[in-house]
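Here's a quick briefing for anyone meeting this structure for the first time. Have a look at the chain, then read on.

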Amino acid sequence: MSRVSRVIIPLDVPTTTEALTLVDRLGTQATFYKVGLELYTRSGPAVVEELVRRDKRVFLDLKLHDIPTTVARAVSVASDLGVELLTVHAAGGPTMLEAAARARSGDLALLAVTVLTSLSPDEMGTVWDREIRSVREEVGRLARIAHGAGVNGVVASALEASWLRSHFGDDFLIVTPGIRPAGSSADDQDRVSTPADAVRAGSDYLVIGRPITQAPDPAAALASVMEEIRSADAART
Ligand code: C5P
């Protein structure tokens with residue numbers, strides 16, 4: 001895997017203009033961007049097409065969760081748009097996940113969202129109407145369902161990455177948000193890890209937002225994170 005492309009920058013801004021301003025500021029060293037619900041709801045596929053036109057790779061984070069036919073059709077449209085990563089909820093169940101995996105084509109890889117990090121064990125217990133002994137167990141259970149259905153990987157914290165890597169092998173993609181370079185603010189993130197920790201735990205891609213986008217010099221902040229990743233990679237080999 002190209003080391004340079006391991007950082008994914010989330011475009012957590014409301015308009016295409018703001019998104020492209022950030023893309024311009026980061027320049028050629030940023031090659032992979034995440035488009036989430038806010039930007040996609042406002043700008044639709046046009047922002048994805050513009051990123052692809054600029055030779056950027058796109059992670060479309062729509063967290064699809066619907067009946068199998070509807071999800072399969074959305075997956076097929078995302079494949080046609082040139083998206084490389086797309087999220088689906090593992091809780092949609094095996095039939096939905098299998099339909100999504102079958103609808104995939106080209107370079108698109110599907111990532112399962114297991115348990116939203118915003119969900120407390122109590123809240124999960126209310127949703128599933130049973131006592132939740134361990135969130136880790138639930139993450140593992142849902143990841144197994146996704147893996148069995150042919151989904152290509154998961155979104156997971158660095159704390160779960162090594163367990164996932166050892167259970168599902170090297171081909172299973174692990175994409176990790178909640179990354180904070182040492183010394184930077186955790187913001188509203190709960191379980192944070194440094195870029196080097198995530199690399200050591202086996203994450204393939206690191207989603208890093210505010211430590212880069214809110215930095216006084218975003219391009220310099222990205223360069224420094226990429227250097228940390230390069231050193232961690234070098235230490236592993
Ligand atoms: O600014 P920050 O680095 O916290 O941004 C992280 C990005 O990853 C945001 O787009 C956020 O929505 C996303 N994300 C997350 N935690 C998850 C899943 C996605 O922070 N569990």
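**The chain at a glance**

The chain exposes about 11,200 Å², and carbon and sulfur atoms supply 50% of that (Shrake-Rupley method, 1.4 Å probe). This is a predicted model, where local features need pLDDT of at least 70, side-chain atom pairs count only at pLDDT 80 or more, and totals for chains, interfaces and linings use all residues. Residues are numbered from 1 along each chain as its sequence is written, and side-chain values use heavy atoms, with hydrogens and water left out.

**Overall build**

- You'll find 11 helices and eight strands in the chain (DSSP runs, H or I of at least four residues for helices and E of at least two for strands, numbered from the N terminus).
- Of the 237 residues, 50% are buried (under 20% relative accessible area with a 1.4 Å probe, protein chains only).
- Along the principal axes, the C-alpha atoms fill a box of roughly 45 × 35 × 35 Å.
- Take contacts (heavy atoms within 4.5 Å) between residues at least 6 apart in sequence: 67% of them join residues at least 24 apart.

**A look at helix α8**

- Helix α8 spans residues 158-168, and its buried residues are Ala158, Glu160, Ala161, Leu164, Arg165 and Phe168.
- These cover an arc of only 140° around the axis, so they sit on the same side of α8 (the arc is that of the directions from the helix axis to the C-beta atoms).
- The buried residues of α8 pack against α7 (135-148), β6 (153-155), β7 (173-176) and α9 (195-201).
- Just after α8 comes Gly169, with a positive phi of about 85°.
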